[in-house]
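Hello,

I am passing on the structure we talked about, and my notes follow below it. Please have a look at the model first, then read on.

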Amino acid sequence: MCKNIPLWLAKANLEIEEIRKLAILEQARRQNPKNPDLWLASIRLDLSLLPQALQECPNSGILLAEEIETSIENKQENSYFCFGSIRCSKYIGYRCYRCQC
């Protein structure tokens, strides 16, 4: 069992294909399930792992920061601005985060 986290991260970074990177990081996470650095590297390749990571490491500041950052990015991508008389597209279901229309 290898507990050397920087070695796992370096090994994953040597791979070109994301699938291989994820496989290496998954193997590392199985051996070190409570390590937030391994989870963070995995989340940056596959965002769907975030809930599982927060469940394994609920007090990890870097994972909580990643969750906040991704939620802000998602909100900004899905927002429409109002410019004067132009109103937001209510039929799409998004809300403008400036005027909340």
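A quick word on terms before the details: helices here are DSSP runs of H or I with at least four residues, numbered from the N terminus. Please also keep in mind that this is a predicted model.

I began with Glu66, which lies in helix 5, spanning residues 61-77. Is Glu66 buried or exposed? Its relative accessibility is 9%, and buried means under 20%, so Glu66 counts as buried. The side chain of Glu66 has a partner there: it makes a polar contact with the side chain of Arg44, at 3.3 Å. Setting aside neighbours within four places in sequence, Glu66 is in contact with Leu40 and Ile43 as well as Arg44.

At the start of helix 3, the backbone nitrogen of Asp37 has a side-chain oxygen of Asn35 within 2.9 Å.

Which residues make up the largest nonpolar core? There are 9 in all: Trp39, Leu40, Ile43, Leu49, Leu50, Ala53, Leu54, Cys57 and Leu63. Helix 3 and helix 4 (50-56) each supply at least two residues of this core. Another core, of 7 residues, lies apart from it, and its members include Ile5, Ala12, Ala28 and Leu38.

Enjoy exploring it!

Best wishes

Conventions:
Residues numbered from 1 in each chain as written. Predicted model: local features only at pLDDT ≥ 70, side-chain atom pairs only at ≥ 80, totals over all residues. Heavy atoms only, no water. Buried < 20%, exposed > 50% of the residue type's maximum accessible area, 1.4 Å probe, protein only. Polar contact = N/O pair within 3.5 Å; in protein donor to acceptor, adjacent residues only side chain to side chain. Contact = heavy atoms within 4.5 Å. Core = buried A, V, L, I, M, F, W, Y, C linked by side-chain atoms within 4.5 Å.
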